[in-house]
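Subject: Structure for your review

Dear colleague,

Please find below the structure that I promised to hand over to you.

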Amino acid sequence: ATPTALMAATGRGAQLGVLVRGPQALEGLQHIDTVVLDKTGTLTSGHMSVTRVTAVPGGLGAEAVLRLAGAVEQGSEHPLGRAVVAYARRTLSGQGPLPEVRDFHAEAGRGVRGRVGGRLVEVLAPEGELPTELADALRAAEAAAHTPVLVRVDGAAEALIGIGDVVRPGSYRAVDRLRRLGVHPVLATGDREAPARAVAAALGIEEVHARCTPEDKGDLVRRLRERGRRVAVVGDGVNDAAALAGADLGIAMGTGTDVAIGAADVTLVRGDIEALADAVRLARRTLGTIR
Ligand code: ADP
Ligand code: MG
(Lines give C-alpha, C1' and ligand atoms only; values in the text may rest on other atoms or scores of the structure.)
(Ligands and ions follow the chains in the order given, each with its own letter.)
Protein backbone atom coordinates (compact mmCIF):
# COMPACT_ATOMS: atom_id res chain seq x y z
CA ALA A 1 0.00 0.00 0.00
CA THR A 2 1.12 3.58 -0.56
CA PRO A 3 2.23 5.67 2.43
CA THR A 4 -0.73 7.94 1.84
CA ALA A 5 -3.19 5.05 1.99
CA LEU A 6 -1.56 3.77 5.17
CA MET A 7 -1.76 7.17 6.80
CA ALA A 8 -5.37 7.63 5.84
CA ALA A 9 -6.24 4.19 7.19
CA THR A 10 -4.33 4.86 10.40
CA GLY A 11 -6.28 8.06 10.88
CA ARG A 12 -9.59 6.37 10.26
CA GLY A 13 -8.58 3.60 12.69
CA ALA A 14 -7.96 6.20 15.38
CA GLN A 15 -11.47 7.55 14.82
CA LEU A 16 -12.82 4.04 15.35
CA GLY A 17 -10.89 3.77 18.61
CA VAL A 18 -8.18 1.54 17.14
CA LEU A 19 -4.64 2.76 17.78
CA VAL A 20 -2.13 1.17 15.41
CA ARG A 21 1.58 1.12 16.19
CA GLY A 22 2.79 1.67 12.63
CA PRO A 23 2.22 0.47 9.08
CA GLN A 24 3.21 -3.17 9.70
CA ALA A 25 0.47 -3.53 12.28
CA LEU A 26 -2.06 -2.25 9.81
CA GLU A 27 -0.82 -4.65 7.14
CA GLY A 28 -0.98 -7.45 9.69
CA LEU A 29 -4.61 -6.69 10.47
CA GLN A 30 -5.87 -7.42 6.98
CA HIS A 31 -4.40 -10.94 6.94
CA ILE A 32 -5.52 -12.38 10.27
CA ASP A 33 -7.74 -15.46 10.05
CA THR A 34 -7.72 -16.54 13.71
CA VAL A 35 -8.25 -14.50 16.85
CA VAL A 36 -7.35 -15.79 20.31
CA LEU A 37 -9.49 -13.98 22.85
CA ASP A 38 -8.76 -13.69 26.55
CA LYS A 39 -11.85 -14.02 28.73
CA THR A 40 -11.58 -11.89 31.84
CA GLY A 41 -11.34 -8.19 31.04
CA THR A 42 -11.56 -8.82 27.31
CA LEU A 43 -14.76 -10.69 26.46
CA THR A 44 -16.17 -9.91 29.89
CA SER A 45 -16.26 -6.48 31.47
CA GLY A 46 -13.64 -7.36 34.04
CA HIS A 47 -15.84 -5.47 36.49
CA MET A 48 -16.40 -8.36 38.74
CA SER A 49 -18.10 -8.38 42.05
CA VAL A 50 -18.07 -10.78 44.94
CA THR A 51 -21.17 -12.93 44.92
CA ARG A 52 -20.51 -15.08 47.99
CA VAL A 53 -17.99 -15.66 50.76
CA THR A 54 -17.96 -19.11 52.33
CA ALA A 55 -15.77 -19.64 55.39
CA VAL A 56 -14.86 -23.00 56.93
CA PRO A 57 -16.70 -23.70 60.18
CA GLY A 58 -14.36 -23.39 63.16
CA GLY A 59 -11.93 -21.24 61.19
CA LEU A 60 -11.15 -17.53 61.37
CA GLY A 61 -14.63 -16.61 60.11
CA ALA A 62 -15.85 -14.82 57.00
CA GLU A 63 -15.21 -11.25 58.21
CA ALA A 64 -11.67 -11.86 59.40
CA VAL A 65 -10.77 -13.77 56.24
CA LEU A 66 -12.30 -11.10 54.02
CA ARG A 67 -10.26 -8.46 55.85
CA LEU A 68 -7.04 -10.40 55.22
CA ALA A 69 -7.89 -11.21 51.60
CA GLY A 70 -8.86 -7.57 50.96
CA ALA A 71 -5.59 -6.41 52.51
CA VAL A 72 -3.48 -8.62 50.21
CA GLU A 73 -5.46 -7.82 47.06
CA GLN A 74 -4.77 -4.10 47.56
CA GLY A 75 -1.50 -4.90 45.79
CA SER A 76 -3.23 -6.48 42.78
CA GLU A 77 -4.22 -4.90 39.46
CA HIS A 78 -6.25 -7.97 38.53
CA PRO A 79 -10.04 -7.54 38.14
CA LEU A 80 -10.54 -10.36 40.65
CA GLY A 81 -8.33 -8.55 43.13
CA ARG A 82 -10.17 -5.29 42.64
CA ALA A 83 -13.48 -7.03 43.24
CA VAL A 84 -12.25 -8.48 46.53
CA VAL A 85 -10.91 -5.10 47.72
CA ALA A 86 -14.11 -3.26 46.80
CA TYR A 87 -16.26 -5.84 48.54
CA ALA A 88 -14.07 -5.95 51.65
CA ARG A 89 -14.11 -2.14 51.94
CA ARG A 90 -17.86 -2.02 51.53
CA THR A 91 -18.66 -4.90 53.86
CA LEU A 92 -16.19 -3.91 56.58
CA SER A 93 -16.63 -0.14 56.22
CA GLY A 94 -17.34 0.34 59.92
CA GLN A 95 -14.02 -1.21 60.90
CA GLY A 96 -11.51 1.31 59.57
CA PRO A 97 -9.21 0.91 56.57
CA LEU A 98 -7.91 -2.48 55.45
CA PRO A 99 -4.57 -3.45 56.99
CA GLU A 100 -1.39 -2.98 55.00
CA VAL A 101 0.23 -5.81 53.09
CA ARG A 102 3.97 -6.56 53.15
CA ASP A 103 6.02 -8.83 50.84
CA PHE A 104 3.27 -8.72 48.24
CA HIS A 105 3.79 -11.08 45.34
CA ALA A 106 1.55 -11.69 42.32
CA GLU A 107 1.95 -14.81 40.22
CA ALA A 108 0.35 -14.23 36.83
CA GLY A 109 -2.43 -16.72 36.12
CA ARG A 110 -2.40 -18.13 39.64
CA GLY A 111 -3.00 -15.53 42.35
CA VAL A 112 -1.42 -13.34 45.00
CA ARG A 113 0.17 -13.64 48.40
CA GLY A 114 1.54 -11.35 51.09
CA ARG A 115 2.02 -10.85 54.79
CA VAL A 116 -0.67 -9.14 56.80
CA GLY A 117 0.23 -8.54 60.43
CA GLY A 118 2.54 -11.54 60.58
CA ARG A 119 0.23 -13.94 58.76
CA LEU A 120 0.90 -15.35 55.31
CA VAL A 121 -2.24 -14.76 53.25
CA GLU A 122 -2.77 -16.27 49.80
CA VAL A 123 -5.66 -15.59 47.44
CA LEU A 124 -5.49 -17.89 44.46
CA ALA A 125 -7.14 -20.28 42.02
CA PRO A 126 -8.46 -23.23 44.10
CA GLU A 127 -5.96 -26.05 44.40
CA GLY A 128 -5.39 -29.07 46.60
CA GLU A 129 -7.96 -30.87 48.68
CA LEU A 130 -10.64 -28.58 50.13
CA PRO A 131 -12.80 -28.90 53.26
CA THR A 132 -16.34 -30.11 52.37
CA GLU A 133 -17.99 -26.69 52.80
CA LEU A 134 -15.49 -25.04 50.46
CA ALA A 135 -15.74 -27.87 47.91
CA ASP A 136 -19.54 -27.36 47.91
CA ALA A 137 -19.13 -23.61 47.49
CA LEU A 138 -16.70 -24.25 44.64
CA ARG A 139 -19.26 -26.38 42.80
CA ALA A 140 -21.99 -23.78 43.38
CA ALA A 141 -19.77 -20.99 42.01
CA GLU A 142 -18.89 -23.05 38.95
CA ALA A 143 -22.51 -23.97 38.27
CA ALA A 144 -23.27 -20.23 38.22
CA ALA A 145 -20.25 -19.65 35.93
CA HIS A 146 -18.61 -17.54 38.61
CA THR A 147 -14.90 -17.61 39.35
CA PRO A 148 -14.01 -19.20 42.67
CA VAL A 149 -10.90 -18.04 44.51
CA LEU A 150 -9.45 -19.69 47.56
CA VAL A 151 -8.16 -17.84 50.61
CA ARG A 152 -5.40 -19.55 52.57
CA VAL A 153 -4.03 -18.19 55.82
CA ASP A 154 -0.73 -19.64 57.02
CA GLY A 155 -1.31 -22.52 54.64
CA ALA A 156 -4.82 -23.41 55.85
CA ALA A 157 -7.82 -23.16 53.51
CA GLU A 158 -10.09 -20.61 55.23
CA ALA A 159 -12.63 -19.43 52.70
CA LEU A 160 -13.88 -19.59 49.16
CA ILE A 161 -14.90 -16.36 47.47
CA GLY A 162 -17.22 -16.49 44.46
CA ILE A 163 -16.71 -13.67 41.98
CA GLY A 164 -19.08 -12.95 39.11
CA ASP A 165 -18.43 -11.13 35.88
CA VAL A 166 -20.63 -10.19 32.95
CA VAL A 167 -20.00 -10.61 29.23
CA ARG A 168 -19.40 -7.21 27.60
CA PRO A 169 -22.45 -6.27 25.52
CA GLY A 170 -20.14 -5.60 22.53
CA SER A 171 -18.62 -9.11 22.65
CA TYR A 172 -21.66 -10.76 21.07
CA ARG A 173 -21.56 -8.60 17.97
CA ALA A 174 -17.77 -8.57 17.86
CA VAL A 175 -17.48 -12.37 17.73
CA ASP A 176 -20.34 -12.61 15.27
CA ARG A 177 -18.85 -10.02 12.93
CA LEU A 178 -15.34 -11.49 13.12
CA ARG A 179 -16.74 -14.88 12.19
CA ARG A 180 -18.54 -13.39 9.19
CA LEU A 181 -15.22 -11.84 8.15
CA GLY A 182 -13.84 -15.37 8.11
CA VAL A 183 -11.87 -14.96 11.33
CA HIS A 184 -11.99 -18.06 13.56
CA PRO A 185 -12.52 -17.17 17.26
CA VAL A 186 -10.67 -19.06 20.01
CA LEU A 187 -11.14 -18.46 23.72
CA ALA A 188 -8.07 -18.89 25.93
CA THR A 189 -8.24 -18.21 29.62
CA GLY A 190 -6.47 -18.88 32.88
CA ASP A 191 -9.86 -19.43 34.43
CA ARG A 192 -11.42 -22.84 34.95
CA GLU A 193 -13.33 -25.00 32.50
CA ALA A 194 -16.90 -24.19 33.69
CA PRO A 195 -16.81 -20.37 33.55
CA ALA A 196 -14.79 -20.56 30.33
CA ARG A 197 -17.41 -22.85 28.71
CA ALA A 198 -20.27 -20.69 29.96
CA VAL A 199 -18.88 -17.54 28.34
CA ALA A 200 -17.90 -19.40 25.15
CA ALA A 201 -21.38 -20.91 24.86
CA ALA A 202 -23.00 -17.49 25.30
CA LEU A 203 -20.87 -16.14 22.45
CA GLY A 204 -21.02 -19.23 20.23
CA ILE A 205 -17.26 -19.85 20.43
CA GLU A 206 -16.45 -23.52 19.89
CA GLU A 207 -12.71 -23.66 20.50
CA VAL A 208 -11.99 -23.16 24.20
CA HIS A 209 -8.74 -23.49 26.15
CA ALA A 210 -9.21 -23.18 29.91
CA ARG A 211 -6.71 -23.18 32.79
CA CYS A 212 -4.02 -21.70 30.56
CA THR A 213 -0.89 -20.41 32.22
CA PRO A 214 0.67 -17.40 30.50
CA GLU A 215 3.11 -19.88 28.85
CA ASP A 216 0.21 -22.07 27.67
CA LYS A 217 -1.32 -19.06 25.93
CA GLY A 218 2.00 -18.42 24.22
CA ASP A 219 2.29 -22.11 23.19
CA LEU A 220 -1.23 -22.11 21.81
CA VAL A 221 -0.38 -19.14 19.61
CA ARG A 222 2.82 -20.82 18.43
CA ARG A 223 0.97 -24.05 17.52
CA LEU A 224 -1.70 -22.17 15.59
CA ARG A 225 0.97 -20.27 13.66
CA GLU A 226 2.83 -23.48 12.88
CA ARG A 227 -0.37 -24.74 11.30
CA GLY A 228 -0.27 -21.73 9.02
CA ARG A 229 -2.86 -19.62 10.78
CA ARG A 230 -2.42 -15.84 10.89
CA VAL A 231 -3.09 -15.22 14.53
CA ALA A 232 -4.21 -12.13 16.39
CA VAL A 233 -4.36 -12.22 20.18
CA VAL A 234 -6.61 -9.91 22.16
CA GLY A 235 -5.81 -9.49 25.83
CA ASP A 236 -5.74 -7.10 28.73
CA GLY A 237 -3.51 -8.59 31.38
CA VAL A 238 0.07 -9.24 32.40
CA ASN A 239 -0.78 -12.90 31.79
CA ASP A 240 -1.43 -12.13 28.11
CA ALA A 241 1.88 -10.39 27.39
CA ALA A 242 3.72 -13.47 26.06
CA ALA A 243 0.84 -14.42 23.78
CA LEU A 244 0.50 -10.83 22.56
CA ALA A 245 4.19 -10.62 21.76
CA GLY A 246 4.23 -14.04 20.03
CA ALA A 247 1.22 -13.41 17.81
CA ASP A 248 1.23 -12.17 14.24
CA LEU A 249 -0.69 -9.28 15.72
CA GLY A 250 -1.03 -8.41 19.40
CA ILE A 251 -4.10 -6.41 20.34
CA ALA A 252 -4.49 -4.88 23.80
CA MET A 253 -7.61 -3.59 25.47
CA GLY A 254 -7.09 0.10 26.24
CA THR A 255 -8.75 -0.60 29.58
CA GLY A 256 -6.08 -3.20 30.35
CA THR A 257 -2.67 -3.14 32.01
CA ASP A 258 0.32 -1.14 30.75
CA VAL A 259 2.24 -4.40 30.23
CA ALA A 260 -0.38 -5.68 27.79
CA ILE A 261 -0.53 -2.36 25.94
CA GLY A 262 3.27 -2.28 25.76
CA ALA A 263 3.40 -5.78 24.24
CA ALA A 264 0.74 -5.08 21.62
CA ASP A 265 0.79 -3.76 18.04
CA VAL A 266 -2.74 -2.45 18.26
CA THR A 267 -4.72 -0.94 21.15
CA LEU A 268 -8.49 -0.87 21.32
CA VAL A 269 -8.61 2.49 23.05
CA ARG A 270 -12.09 2.34 24.50
CA GLY A 271 -11.80 -1.32 25.42
CA ASP A 272 -14.50 -1.88 22.84
CA ILE A 273 -13.82 -5.21 21.20
CA GLU A 274 -16.28 -4.60 18.40
CA ALA A 275 -13.83 -2.01 17.07
CA LEU A 276 -11.60 -4.95 16.11
CA ALA A 277 -14.07 -6.08 13.45
CA ASP A 278 -14.21 -2.51 12.15
CA ALA A 279 -10.43 -2.39 12.02
CA VAL A 280 -10.08 -5.69 10.13
CA ARG A 281 -12.61 -4.49 7.58
CA LEU A 282 -10.89 -1.13 7.30
CA ALA A 283 -7.46 -2.74 6.77
CA ARG A 284 -8.79 -5.15 4.16
CA ARG A 285 -10.61 -2.43 2.28
CA THR A 286 -7.89 0.20 2.24
CA LEU A 287 -4.87 -2.04 1.86
CA GLY A 288 -6.32 -4.97 0.00
CA THR A 289 -7.49 -2.88 -2.89
CA ILE A 290 -4.60 -0.43 -3.19
CA ARG A 291 -1.61 -2.77 -3.34
P1 ADP B 1 -7.88 -14.68 32.52
O2 ADP B 1 -7.07 -15.39 31.49
O3 ADP B 1 -9.31 -15.11 32.49
O4 ADP B 1 -7.74 -13.16 32.43
P5 ADP B 1 -5.88 -15.01 34.64
O6 ADP B 1 -4.90 -15.82 33.85
O7 ADP B 1 -5.53 -13.58 34.87
O8 ADP B 1 -7.36 -15.15 33.99
O9 ADP B 1 -6.06 -15.70 36.07
C10 ADP B 1 -6.26 -17.09 36.16
C11 ADP B 1 -6.75 -17.49 37.52
O12 ADP B 1 -5.74 -17.18 38.53
C13 ADP B 1 -7.99 -16.73 37.96
O14 ADP B 1 -9.20 -17.32 37.48
C15 ADP B 1 -7.86 -16.83 39.48
O16 ADP B 1 -8.34 -18.07 39.92
C17 ADP B 1 -6.36 -16.74 39.74
N18 ADP B 1 -5.93 -15.35 40.02
C19 ADP B 1 -5.16 -14.55 39.25
N20 ADP B 1 -4.96 -13.35 39.84
C21 ADP B 1 -5.65 -13.36 41.01
C22 ADP B 1 -5.85 -12.43 42.08
N23 ADP B 1 -5.32 -11.20 42.09
N24 ADP B 1 -6.63 -12.82 43.12
C25 ADP B 1 -7.16 -14.04 43.14
N26 ADP B 1 -7.02 -14.99 42.17
C27 ADP B 1 -6.27 -14.66 41.12
MG1 MG C 1 -7.51 -11.02 31.30
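The notes that follow begin with the chain as a whole and then turn to its parts.

Overall form

Please bear in mind throughout that this is a predicted model. The protein chain contains 12 helices and 13 strands. Its C-alpha atoms fill a box of roughly 70 × 35 × 30 Å along the principal axes. A compact globule of 291 residues would have a radius of gyration near 19 Å, and the protein chain, with 21 Å, agrees with that. Of the 291 residues, 51% count as buried.

The surroundings of ligand 1

Which residues are closest to ligand 1? They are Thr40, His78, Gly81, Ala125 and Gly190, out of 23 residues that surround the ligand. Helix H3 (39-43), helix H5, strand S5 (111-116), strand S6 (119-124) and strand S7 (147-153) are the elements that each give two or more residues to this shell. The most comes from H3, which supplies three residues. Domain 1 (3-45 + 166-290) and domain 2 (49-164) each provide at least three residues of the shell.

Helix H5

Helix H5, one of the contributors to that shell, covers residues 79-91 and has 13 residues. From its first C-alpha to its last it reaches 18 Å, close to the 18 Å expected at 1.5 Å a residue. The buried residues of H5 are Pro79, Leu80, Gly81, Ala83, Val84, Val85, Tyr87 and Ala88.

Strand S4 (residues 102-107) and S5 run antiparallel and are joined by four bridges. Within this pairing, Glu107 has Gly111 of S5 as its bridge partner. The two strands form a hairpin with three residues between them, where Gly109 takes a positive phi near 80°.

S5 also pairs with S6, again in the antiparallel sense, over six bridges. Here Val116 stands opposite Arg119 in S6. The hairpin of S5 and S6 has two residues between the strands, and Gly117 in the turn shows a positive phi of about 50°.

Strands S11 and S12

How do strand S11 (residues 231-235) and S12 pair, parallel or antiparallel? They pair in the parallel sense, over four bridges. Val234 stands opposite Ile251 in S12. Five of the five residues of S12 (residues 249-253) are buried, so this strand is largely enclosed by the rest of the structure. In a regular strand, the side chains alternate between the two faces of the sheet. In S12, Leu249, Ile251 and Met253 point one way, while Gly250 and Ala252 point the other way, and all are buried.

Ala69 lies in helix H4 (residues 62-73). Is Ala69 buried or exposed? Ala69 counts as buried because it has 30 C-beta neighbours inside 10 Å, and the threshold for that label is 20 or more. Ala69 and Val153 are 84 residues apart along the chain, yet their C-alpha atoms are separated by 9.0 Å.

Leu138 belongs to helix H6 (residues 132-143). Leu138 is buried as well, because 20 other C-beta atoms lie within 10 Å. Leu138 and Thr54 are 84 residues apart in sequence, and from C-alpha to C-alpha they are 9.3 Å apart in space.

Most residues other than glycine have a negative phi. Asp154 is found in the loop between S7 and strand S8 (156-164). Asp154 is exposed, because 11 other C-beta atoms lie within 10 Å, and the exposed label applies at 12 or fewer.

Arg211 likewise has a positive phi, near 50°, and is not a glycine. The place of Arg211 is in the loop between strand S10 (207-209) and helix H9 (214-226). With 14 C-beta neighbours inside 10 Å, Arg211 counts as partly exposed.

Yours sincerely,
A colleague

Note on methods. Residues are numbered from 1 along each chain as its sequence is written. Chains are lettered from A and ligands numbered from 1 in the order in which they are written. The expected span of a helix is 1.5 Å times one less than its number of residues. A residue is near a molecule or strand if its C-beta atom, placed from the backbone, lies within 6 Å of it. Domain bounds come from an automatic or database domain assignment. Two strands pair if DSSP finds at least two bridges between them. The radius of gyration is taken over C-alpha atoms; the globule rule is 2.2 Å times the number of residues to the power 0.38.
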